[in-house]
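Open the model in your viewer and keep the selection tool ready. This tour goes stop by stop: select, look, move on.

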Amino acid sequence: MARPRLLERLERDVRRPLTLVSAPAGYGKSTLVAQWLESSSLPGVWLALDQGDCELRSFLTHLTEAVRSRFPRACPATHDLSGATELPPPAAIADRLANELERLQTPFVLALDDYHRIARDSEVHRLVDRLLQKRAQAGGARLGEKASEASLAMVDPERSQEVSAAAPPESPT
């Protein structure tokens with residue numbers, strides 16, 4: 001099902017730091033975001049989340065692998081963290097990841113499908129929040145000075161609005 005109005009709205013706001021696509025189950029959120037990524041002016045990176053991604057190491061591994069599927073040499077230090085004996089705090093990981101994403105010369109959209117599957121108490125939320133903060137500190141449109149103007153699209157049926165390009169979601173506490 002084509003939804004040109006929604007696709008147009010997503011594309012119009014493609015450079016915003018966060019786009020939340022939310023509707024009840026079965027309304028085609030994932031299909032809409034997939035269609036948007038196919039037609040977007042920016043390349044897309046897709047990460048389908050499940051309950052296993054609540055664990056920070058798993059999320060980090062899957063996130064860096066998703067980014068590297070589009071940009072094969074991206075985020076080497078962050079990717080290597082997934083094999084570390086002990087992970088640094090989420091803020092430190094996010095700072096490293098943001099710095100590595102800044103080195104990419106190509107803006108892109110990162111789609112986190114089924115973000116609602118991340119448990120409310122997961123450190124993943126702190127990592128994502130910090131990435132969004134880094135973007136906001138850099139002027140909203142960028143993760144840093146050179147950066148990939150990476151946009152984050154979250155697909156979450158537990159949020160109330162249909163499509164919103166706005167501030168990061170509230171931290172779960």
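Select Cys 75. This residue sits in the loop between helix H3 (56–70) and helix H4 (76–81). Helices here are DSSP runs of H or I with at least four residues, strands are runs of E with at least two, and both are numbered from the N terminus. The model is predicted, so local features need pLDDT of at least 70 and side-chain atom pairs count only at pLDDT 80 or more, while totals for chains, interfaces and linings use all residues. Residues are numbered from 1 along each chain as its sequence is written, and side-chain values use heavy atoms, with hydrogens and water left out.

Is Cys 75 buried or exposed? Cys 75 is buried, at 1% relative accessibility. Buried means under 20% relative accessible area, exposed means over 50%, and partly exposed lies in between (1.4 Å probe, protein chains only). Now check the backbone. Cys 75 is not a glycine, yet its phi is positive, about 55°. Most residues other than glycine have a negative phi.

Next, select Asp 114. Its phi is positive too, about 65°, and Asp 114 is not a glycine. Look for it in the loop between strand S3 (109–113) and helix H6 (123–137). Asp 114 is buried, with a relative accessible area of 17%.

Go to Val 67. Leaving out residues up to four places away in sequence, Val 67 touches Val 45, Ala 74, Cys 75 and Leu 101. Contact means heavy atoms within 4.5 Å.

Widen the view to the largest nonpolar core. How many residues does this core have? It has 31 residues, and Phe 59 and Val 67 have the most contacts inside it. Strand S2 (44–48), H3, helix H5 (90–102), S3 and H6 each give two or more residues to this core. H3 gives the largest share, six residues. A nonpolar core is a set of buried Ala, Val, Leu, Ile, Met, Phe, Trp, Tyr and Cys residues joined through side-chain atoms within 4.5 Å. A second, separate core has 12 residues, including Leu 6, Leu 10, Val 33 and Leu 42.

Show H3 and H5 together. They pack at an angle of about 5°, with axes 13 Å apart. Axes are lines fitted to C-alpha atoms, for helices over the stretch in contact, and angles run from 0 to 180 degrees between N-to-C directions. H3 is therefore roughly parallel to H5, a label for angles under 35 degrees. Colour the residues where they meet: Leu 56, Leu 60, Leu 63 and Val 67 from H3, and Pro 90, Ile 93, Leu 97 and Leu 101 from H5.

Move to helix H2 (residues 29–39). Lys 29, Leu 32, Val 33, Trp 36 and Leu 37 are buried there. Look down the H2 axis: the buried residues fall within an arc of 135°, so they line one face. The arc is taken from the directions from the helix axis to the C-beta atoms. On the other side of H2, Glu 38 and Ser 39 are exposed.

Now select Arg 3, in the segment before helix H1 (4–12). Arg 3 is buried, with a relative accessible area of 16%. Its side chain reaches the backbone oxygen of Tyr 27 at 3.2 Å. Beyond its neighbours within four places in sequence, Arg 3 is in contact with Tyr 27, Gly 28, Thr 31 and Leu 32.

Last stop: Arg 12, in helix H1. Arg 12 is exposed, at 56% relative accessibility. Arg 12 and Ser 40 are 28 residues apart in sequence and 9.7 Å apart in space, C-alpha to C-alpha.

Note on methods: A polar contact is a pair of N or O atoms within 3.5 Å; within protein, one must be able to donate a hydrogen and the other to accept it, and residues adjacent in sequence count only if both atoms are side-chain atoms. Angles under 35 degrees count as roughly parallel, over 145 as roughly antiparallel, 65 to 115 as roughly perpendicular and the rest as oblique.
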